[in-house]
Amino acid sequence: MDCYGLRGVDSLDFVKVDGYIVDKLILEDYDKLKESLAMSGFALRIESAYRPFERQLSIWNRKASGELKLLSAEGLPMERPSDEEELMYAILTWSALPGASRHHLGTDLDVVDGNACPAGYEVELTPAECDGMFRPFHEKLTELMGAGESFGFQRVFVPGRGRIQPEMWHVAHLPTSRRYLESFSLKGLRALYEKTDIACKSALLDNLESLAHDYIYPYFV
């Protein structure tokens with residue numbers, strides 16, 4: 001393991017679920033949550049799960065270059081800032097720091113209701129979707145979580161916690177993720193950035209301690 005529970009796609013800890021890689025320790029509870037939601041007419045569907053460091057780095061660098069669009073806090077397209085530090089914070093609005101993304105853990109999932117997706121619809125994972133077609137699904141998830149009936153899955157990107165925008169679609173199996181959070185090392189993350197071709201490198205290294213305070217540690221739940 002590296003600085004944040006980083007494991008390769010070939011790790012024996014992982015299994016595939018509907019084409020996505022997850023930690024095998026969450027599988028039983030995931031199936032239970034899926035069955036519970038099905039009883040209420042929802043089809044729990046994964047849109048993203050485990051991501052290796054290289055995948056998160058690619059997302060980060062493509063947003064920095066303009067290949068992928070940047071979104072404002074309201075989920076609307078925004079212009080790419082020319083200042084490196086401003087660009088870094090713009091990317092952080094919706095994208096985690098490579099090497100410190102909870103998706104590296106294999107315990108966190110982006111989920112939607114498959115029954116609510118129109119044929120051919122490409123899910124974007126935006127607040128507008130959560131307030132629209134997926135609203136009943138997320139209301140049910142909220143109900144289950146509040147009642148302690150979500151089998152260890154909870155939302156971690158919620159209002160008032162850190163500076164990452166709330167993500168209703170992101171759920172984490174907390175009993176398992178806590179095991180891997182213990183391996184995090186900010187010193188290790190710095191060393192990783194120093195040897196990596198990552199956009200906004202100078203801004204990241206200059207601000208790493210404050211970034212950890214705002215974008216990493218608040219989500220160690």
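Met88 touches Trp60, Cys200, Ala203, Leu204, Asn207 and Leu211, leaving out residues up to four places away in sequence; contact means heavy atoms within 4.5 Å. The model is predicted: local features need pLDDT of at least 70, side-chain atom pairs count only at pLDDT 80 or more, and totals for chains, interfaces and linings use all residues. Residues are numbered from 1 along each chain, and side-chain values use heavy atoms, without hydrogens or water.

Met88 is one of the buried residues of helix 3 (residues 84–92), with Leu87, Ala90, Ile91 and Leu92. Buried means under 20% relative accessible area, with a 1.4 Å probe and protein chains only. Helices are DSSP runs of H or I, at least four residues; strands are E runs of at least two. The cover over these buried residues includes helix 2 (53–65), strand 4 (70–71), strand 5 (77–78), helix 8 (201–206) and helix 9 (208–216). At the start of helix 3, a side-chain oxygen of Asp83 comes within 3.1 Å of the backbone nitrogen of Glu85.

A nonpolar core joins buried Ala, Val, Leu, Ile, Met, Phe, Trp, Tyr and Cys residues through side-chain atoms within 4.5 Å.

| Core | Residues | Members, among them |
|---|---|---|
| Largest | 35 residues | Trp60, Met88, Leu97, Leu189, Tyr193, Leu204 |
| Another | 18 residues | Tyr30, Leu33, Phe42, Leu144 |

Key: Buried means under 20% relative accessible area, exposed over 50%, partly exposed in between (1.4 Å probe, protein chains only). A polar contact is a pair of N or O atoms within 3.5 Å; within protein, one must be able to donate a hydrogen and the other to accept it, and residues adjacent in sequence count only if both atoms are side-chain atoms.
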